[in-house]
Amino acid sequence: MASLKEIKTRMASVQSTRKITSAMKMVASSKLHHAQNAIENMLPYEAMLEHILKTFLVSTPNTDTQFDVQRPVKRVALLVFSSSSSLCGGFNANVIKLLMQVVDEYHSKGLTNEDIVIYPIGRKVAEAAKKRGLTCVCPYPELAEKPNAEDCREIAKEVGQKWLKGEFDKVEMIYHHFKSAGSQILTRKVFLPIDLTEELNADKERDLTSTLTSKEAQEYMKKKGVAAQKKNDSSTVTPLNDDFIVEPDLHTVLQTLVPKLLHLMVYTALLDSNASEHAARMVAMQTATDNADELLKELSLQYNKSRQAAITSELLDIVGGTVNN
């Protein structure tokens with residue numbers, strides 16, 4: 001059995017660790033709130049662009065662009081979103097695992113590492129790709145920590161130009177889709193060739209109202225918030241007159257709008273990944289704090305038992321000495 005001093009030393013160590021995990025949980029919660037605000041601010045633009053593109057698709061269902069051409073897959077680009085720091089549970093491990101599965105899938109189709117180009121957004125996935133011997137393009141190493149719409153535009157523009165030149169035959173994205181603070185879905189999505197109908201009908205559901213991680217708390221808040229739902233929803237688009245006058249022609253306008261949609265897809269994936277990272281770290285730190293509390297209870301019980309045993313032993317020695325005398 002450990003001595004009282006050893007138990008007290010371990011209790012002090014656990015208490016110190018608990019302070020760290022609790023502080024990190026609060027920091028992650030604050031960052032998650034800012035990430036949710038960033039997504040919420042982006043939603044009106046996303047909804048308006050979606051509204052315009054859907055209107056065009058309804059009016060001309062057979063609209064084709066240079067970005068939807070199907071080609072034999074000989075060279076692939078993967079846009080992979082992870083974090084640049086640790087202590088976020090299985091967030092990075094899941095992304096890297098899916099990346100390796102995708103790479104192995106393309107290897108089984110005859111492609112080599114030279115035929116697969118990785119655009120890693122985040123230091124963790126960049127390190128994993130380099131260890132695997134994959135070709136990495138790393139122009140934006142800090143983008144995972146500080147989302148930037150202009151950098152996303154540059155990435156979408158670069159990938160789109162290489163697609164048009166025939167340097168890539170297929171482009172995919174791997175990231176976590178943020179549904180709520182307690183639910184982040186690992187997603188693999190085709191970026192190019194783009195399917196406008198599929199992209200515009202994709203699941204974009206998000207709960208940006210709270211940072212609660214437990215399902216029970218989320219259900220309670222949902223039931224409680226039904227009556228007090230926000231009257232002004234930023235994601236709702238005001239109905240427009242859809243009788244557009246398109247100049248110079250629809251094909252030219254789509255050639256401008258589709259690159260904007262590609263930019264939006266990259267930026268949305270980045271914001272989703274960033275929010276998912278903070279949510280995953282908040283859950284991990286909350287779990288670590290709870291485990292520390294349980295461990296402190298066990299150590300406190302063990303300390304009290306050991307202390308009581310020591311007192312009892314001393315009393316028996318005293319009583320035994322008295323009897324002998």
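## Report on a predicted protein chain

Serine 82 is buried, with a relative accessible area of 2%; buried means under 20% relative accessible area, exposed means over 50%, and partly exposed lies in between (1.4 Å probe, protein chains only). The structure is a predicted model, in which local features need pLDDT of at least 70 and side-chain atom pairs count only at pLDDT 80 or more, while totals for chains, interfaces and linings use all residues. Residues are numbered from 1 along each chain as its sequence is written, and side-chain values use heavy atoms, with hydrogens and water left out.

**The chain as a whole**

The secondary structure comprises seven helices and five strands; helices (H or I, at least four residues) and strands (E, at least two) are DSSP runs, numbered from the N terminus. Along the sequence, their pattern is α-β-α-β-α-β-α-β-β-α-α-α. The chain has 325 residues, of which 39% count as buried. Its accessible surface is about 18300 Å², and 54% of this belongs to carbon and sulfur atoms; such areas come from the Shrake-Rupley method with a 1.4 Å probe, and for residues only the protein chains shown count as cover.

Serine 82 is located in the loop between β1 and α2. A polar atom of the side chain of serine 82 lies 3.2 Å from the backbone nitrogen of valine 125.

Valine 125 is one of the buried residues of helix α3 (residues 123–131), together with Lys124, Ala126, Ala128 and Ala129. The buried residues of α3 pack against β1, α2 (91–108), β2 and β3 (135–136). Glycine 133, with a positive phi near 85°, follows α3.

**Arginine 188**

Is arginine 188 buried or partly exposed? Arginine 188 counts as partly exposed because its relative accessibility is 33%. This residue lies in strand β5 (residues 183–192). Although arginine 188 and isoleucine 174 are 14 residues apart in sequence, their C-alpha atoms are 4.7 Å apart in space.

| Side-chain pair | Polar contact |
|---|---|
| arginine 188 and glutamate 105 | 3.0 Å |
| arginine 188 and glutamate 172 | 2.6 Å |

**Nonpolar cores**

A nonpolar core is a set of buried Ala, Val, Leu, Ile, Met, Phe, Trp, Tyr and Cys residues joined through side-chain atoms within 4.5 Å. The largest one has 54 residues, and Phe191 and Leu262 are among those with the most contacts inside it. Elements giving two or more residues to this core include α1 (4–59), β1 (76–81), β5 and α7 (250–324). Helix α7 gives the most, with 16 residues. Phenylalanine 191 touches Leu262, Met265 and Val266, among others, when residues up to four places away in sequence are not counted. A second, separate core has 18 residues, including Val95, Met100, Leu111 and Ile116.

Conventions:
A polar contact is a pair of N or O atoms within 3.5 Å; within protein, one must be able to donate a hydrogen and the other to accept it, and residues adjacent in sequence count only if both atoms are side-chain atoms. Contact means heavy atoms within 4.5 Å.
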